[in-house]
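Subject: Structure handover

Hello,

Please find the structure below, with its sequence. My notes on what was found in it follow.

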Amino acid sequence: MMQNLAIDPLLTGEVLWTPLLIVLLKVVVVFVVGLLATMLMVWFERKVIAGMQNRIGPNKAGPFGILQTLADGIKLFFKEDLIPERSDRFVFKLAPYLAFVPAFLTFAIIPLGGDFRGDKDGLVTWFGHQTRVQLADPPIGILFALAISSIAIYGIMLAGWSSGSKYPLLGSVRASAQMVSYEAALGLSVAAVVLVTGTLSTSGIVAKQSTLGNWNVIVTGIVPFFIFMVAATAELNRPPFDLVEAEQELVGGFNTEYASFRFALFYLAEFMNTVTMSALIVTLFFGGPQPISVGSTTIDIPLVGNALEGTIWLLLKVLVFLYIYVWFRATLPRFRYDQLMNLGWKVLIPASLGWFILLAAQRVGQSAGWDRYVVTISTALVLLVSYSLLVLAQRTSTNERKRDGVMF
Amino acid sequence: MELFVFVCAAAMVLVGAIGVITRNNPVHAALSLVLTLFGVAVLFVANNAHFLAAVQVIVYGGAIVVLFLFVIMLLGVDQAEDLSTEPLTVQRPLALVVGVGVAGVIIAAVVKSQDALFARGAGINSATVQDADANIRQLSRSIFSDYVFAFEVTSVLLLIAVVGTVVMSRRQHGHQVEESA
């Protein structure tokens with residue numbers, strides 16, 4: 001218990017100085033890494049999207065314009081701090097922090113490195129104490145991320161409401177409806193991962209994905225990954241689901257009335273969430289800091305210690321997903337609001353639920369020794385029947401609404 | 001350490017609870033409710049009930065109060081309410097009676113079960129303290145074995161509530177259309 005105290009930042013038990021310092025060090029490092037990652041992500045997005053649109057992008061501040069975000073940040077700090085007259089002052093000031101803090105909190109449970117090979121289980125030894133290269137490894141693990149993502153809604157919702165004007169309110173109502181709807185699909189695809197790994201803790205989930213064939217994206221049969229990816233994009237309010245800031249309809253969305261530092265907080269939170277969500281995808285489906293290995297051959301990065309190598313692998317994998325998010329933004333046009341809701345409720349939630357049942361049936365069949373093909377086919381038949389019932393219900397209700405003369 | 005966490009969480013719960021009833025603005029009251037729910041979640045964590053804490057935040061903090069706020073915003077009742085006129089004259093004395101009654105029942109329950117509460121470590125299964133996953137495993141085992149009937153009945157009840165809401169809102173809508181036509 002005492003040896004592993006640094007794993008547990010809640011400090012149950014005796015307070016010792018070295019573990020306390022390790023925890024503090026981790027907090028500082030995670031905070032700084034988070035801020036740096038966000039800064040670089042803003043630059044990366046602008047540069048990549050410029051490349052995709054045949055532009056140059058930021059190129060003045062620093063080499064390749066890499067300091068552009070810093071320059072923008074400094075500019076935002078020195079701008080005038082406006083509070084609209086009709087706003088609710090307290091909530092207006094509170095809302096940016098409610099968006100910013102959850103964005104950082106999720107980062108705390110992501111394994112940022114460590115050696116998961118053999119039976120080392122991702123533990124490293126710092127100053128004579130065994131610890132993980134992640135800020136916290138709570139027993140509820142991935143549920144923490146879900147809880148935080150449901151808290152993140154408050155920032156956006158209250159920002160829109162407290163501004164005291166119509167456009168931000170509409171933007172925030174849209175955003176929160178969207179986030180609440182897609183949370184169900186997100187949670188169900190996470191449930192599929194938890195089902196196959198049998199643990200909630202993020203380090204446990206990473207430890208189970210030792211080889212390429214064990215990566216959850218393959219073990220869960222790729223569908224939960226796609227659902228998670230789409231639902232995560234919607235949770236992040238990123239294109240093609242960025243109805244929150246549909247400029248043509250809403251001026252600027254929930255943050256229309258915000259300026260200077262408070263606006264910067266929203267902006268930071270948005271990009272921070274993109275980084276965290278990519279890291280979460282990597283952790284859940286692509287083995288996190290595990291190196292790529294097929295069978296018994298492992299791709300080893302030379303000259304780097306195994307624990308540090310995990311960090312490099314994580315970075316590489318996260319970069320792929322960050323690139324994909326930028327790619328989405330450059331390629332896909334924005335969804336219409338009813339299309340967004342249809343996709344969420346009528347496609348993603350039934351699909352993730354159905355796939356979850358399929359996986360559960362497989363596992364029950366395995367432990368009871370039933371024939372694999374019979375189990376799969378009979379589950380598929382049940383799912384097909386329920387899906388056709390769903391389609392039938394939808395068609396009936398659409399017809400009824402048409403008869404009533406309601407458009408949507 | 002334990003005492004410190006308890007005092008902080010209890011202060012959160014109390015401040016939130018008082019805020020809910022004293023704030024005139026419904027949105028502020030809802031936010032105070034969030035504070036209370038968070039305090040309770042912290043208390044759960046302090047008692048090693050991590051799963052309950054997560055569920056508390058996801059369900060109450062993330063879904064139910066968001067729904068409250070949604071209704072408040074959409075219906076536009078977010079102005080401070082005028083409390084000088086009383087729509088139901090009996091409700092204040094009635095609230096007093098019910099409040100005192102509930103407080104009395106809770107105090108009676110605590111006094112009655114004093115011995116069990118003060119017995120050190122009673123009720124806390126040592127397995128859950130040692131192994132992190134054991135807590136969740138035990139909970140799921142009892143839900144899906146001993147209490148599976150109650151669990152399923154509750155989910156059916158929720159389903160009935162959802163279907164009922166849809167049916168009622170649809171019927172009212174059709175009625176209005178008929179009236180206007």
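Chain A has 13 helices and four strands. The radius of gyration of chain A is 23 Å, close to the 22 Å that the globule rule gives for 408 residues, so chain A is as compact as a globular protein of that length. Please keep in mind that this is a predicted model. The C-alpha trace of chain A spans about 60 × 60 × 50 Å along its principal axes. Of the 408 residues in the chain, 44% count as buried. If you take the contacts in chain A between residues at least 6 apart in sequence, 76% of them join residues at least 24 apart.

Buried residues make up 17% of the 181 residues in chain B. Among contacts in chain B between residues at least 6 apart in sequence, 51% join residues at least 24 apart.

Next, the place where the chains meet. On the side of chain B, 21 residues are in contact with 23 residues of chain A. Helix 3 of chain B gives the most, with 13 residues. By class, the residues of chain B that touch chain A divide into 15 nonpolar, four polar and two charged.

One pair of helices across the two chains can be described in detail. The axes of helix 5 (residues 166-197) of chain A and helix 3 of chain B come within 11 Å and cross at roughly 150 degrees. An angle over 145 degrees counts as roughly antiparallel, and that makes helix 5 of chain A roughly antiparallel to helix 3 of chain B. The crossing of these two helices is left-handed. From helix 5 of chain A come Leu169(A), Val173(A), Ser176(A) and Val180(A), and they meet Val66(B), Phe70(B), Met73(B) and Leu74(B) in helix 3 of chain B. This contact has seven nonpolar residues, one polar residue and no charged residues.

Helix 3 of chain B also holds Val57(B). Is Val57(B) buried or exposed? Val57(B) has 26 C-beta neighbours inside 10 Å and therefore counts as buried. Leaving out residues up to four places away in sequence, Val57(B) touches Ala147(A), Ile151(A), Ala41(B) and Gly62(B). Val57(B) and Val34(B) are 23 residues apart along the chain, and their C-alpha atoms are separated by 9.0 Å.

Within chain A, there is another pair of helices to look at. Helix 3 (residues 89-107) and helix 10 (residues 260-285) of chain A pack at an angle of about 25 degrees, with their axes 8 Å apart. That makes helix 3 of chain A roughly parallel to helix 10 of chain A. Their crossing is left-handed. The residues that helix 3 of chain A gives to the contact include Pro96(A), Tyr97(A) and Phe100(A), and those from helix 10 of chain A include Arg262(A), Leu265(A) and Met272(A). The residues of this contact divide into 12 nonpolar, three polar and one charged.

Met341(A) is in helix 12 (residues 337-368) of chain A. Because Met341(A) has 16 C-beta neighbours inside 10 Å, it counts as partly exposed. Met341(A) and Ala380(A) are 39 residues apart in sequence, and from C-alpha to C-alpha they are 26 Å apart in space.

The last items concern the backbone. Most residues other than glycine have a negative phi, and most peptide bonds are trans. Chain A has some exceptions, listed here:

- The peptide bond that joins Pro239(A) and Pro240(A) is cis, with omega about 0 degrees. Pro240(A) is in the loop between helix 8 (223-235) and helix 9 (247-250) of chain A.
- Asn54(A) has a positive phi, near 60 degrees. Asn54(A) is in the loop between helix 1 (17-52) and helix 2 (68-77) of chain A. With 6 other C-beta atoms within 10 Å, Asn54(A) is exposed.
- Ile222(A) has a positive phi as well, near 55 degrees. Ile222(A) is in the loop between helix 7 (216-219) and helix 8 of chain A. With 13 other C-beta atoms within 10 Å, Ile222(A) is partly exposed.

Regards

How values were computed: Residues numbered from 1 in each chain as written. Chains lettered and ligands numbered in written order. Predicted model: local features only at pLDDT ≥ 70, side-chain atom pairs only at ≥ 80, totals over all residues. Axes fitted to C-alpha atoms, helices over the stretch in contact; angles between N-to-C directions. Parallel < 35°, antiparallel > 145°, perpendicular 65-115°, else oblique. Left-handed = near helix turned anticlockwise from the far one by under 90°. Contact = placed C-beta atoms within 7 Å. Nonpolar A, V, L, I, M, F, W, Y, C, P; charged D, E, K, R; others polar. Buried ≥ 20, exposed ≤ 12 C-beta atoms within 10 Å, placed from the backbone. Rg over C-alpha atoms; globule rule 2.2 N^0.38 Å.
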